Amino acid sequence: MRTLYLDSSAVLKFIFSEPESAAARKEIRGVLYSSELVRVEVIRAVLRIEPELYERALAVLSKIRIIKMKSGVMVAAERLPHNVSVRGMDALHLAAANTLGRLGHTVVTYDKNMAKAARALGFNIKSPGVKL
């Protein structure tokens with residue numbers, strides 16, 4: 001079974017009804033991982049945009065294996081190569097994804113900058129329903 005790292009933009013496709021949601025639900029299969037950061041980002045987005053989907057958000061998050069944000073992940077995020085131009089939260093996601101190893105692993109994202117950075121680090125990228 002393949003290993004997929006989902007950033008918050010990917011997780012939100014399972015909660016909100018967006019143009020890419022059907023493709024995401026159909027194509028994102030495997031062992032799903034994300035960082036602890038995803039809980040905060042997803043729950044805050046849901047509560048801000050459509051609070052009645054809070055229970056759905058919890059159900060979706062319960063299906064994802066969570067990578068703890070230990071100090072090693074924080075340091076790795078700080079030390080991403082200078083040519084990987086991402087903000088802090090995306091750097092943390094990339095560092096967490098890197099704990100899974102790069103070979104054969106895929107980052108699922110709907111954020112163009114995150115996709116570019118993940119490719120630069122050697123990850124495969126998946127964005128069902130859209131080309132990044």
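Q: How many aromatic pairs does the structure hold?
A: The model is predicted. Rings of Phe, Tyr and Trp pair if their centres lie within 6.5 Å. By that cut-off, the number of aromatic pairs in the structure is 0.

Q: Which residue lies over the face of Tyr110?
A: A charge counts as over a ring if NZ of Lys or CZ of Arg is within 6 Å of the ring centre and within 35 degrees of the ring normal. At Tyr110, the distance from the ring centre is 4.7 Å. The residue over the face is Lys13.

Q: What is the order of the strands in the open sheet?
A: The sheet has 5 strands, with parallel pairing. Strand 3 and strand 5 (124-126) are the edge strands, each pairing on one side only. From one strand to the next, the twist averages 35 degrees. The order is 3-2-1-4-5.

Q: Which residue of strand 3 is the bridge partner of Ser35?
A: Strand 2 and strand 3 pair in the parallel sense. Their pairing runs over 3 bridges. In strand 3, the partner of Ser35 is Ile67.

Q: What should helix 3 (residues 37-49) span at 1.5 Å a residue?
A: Helix 3 has 13 residues. The expected span is 1.5 Å times one less than that number.

Q: Which helices and strands do the buried residues of helix 3 pack against?
A: The buried residues are Leu37, Val38, Val42, Ile43, Ala45 and Val46. They pack against helix 1 (8-12), strand 2 (31-35), helix 4 (54-61), strand 3 (65-67) and helix 6 (88-98).

Definitions and conventions. Residues numbered from 1 in each chain as written. Predicted model: local features only at pLDDT ≥ 70, side-chain atom pairs only at ≥ 80, totals over all residues. Heavy atoms only, no water. Helix = DSSP H or I, 4+ residues; strand = E, 2+ residues; numbered from the N terminus. Buried < 20%, exposed > 50% of the residue type's maximum accessible area, 1.4 Å probe, protein only. Contact = heavy atoms within 4.5 Å. Pairing = 2+ DSSP bridges. Axes fitted to C-alpha atoms, helices over the stretch in contact; angles between N-to-C directions. Phe/Tyr/Trp six-rings, centres within 6.5 Å; stacked < 30°, edge-to-face > 60°.
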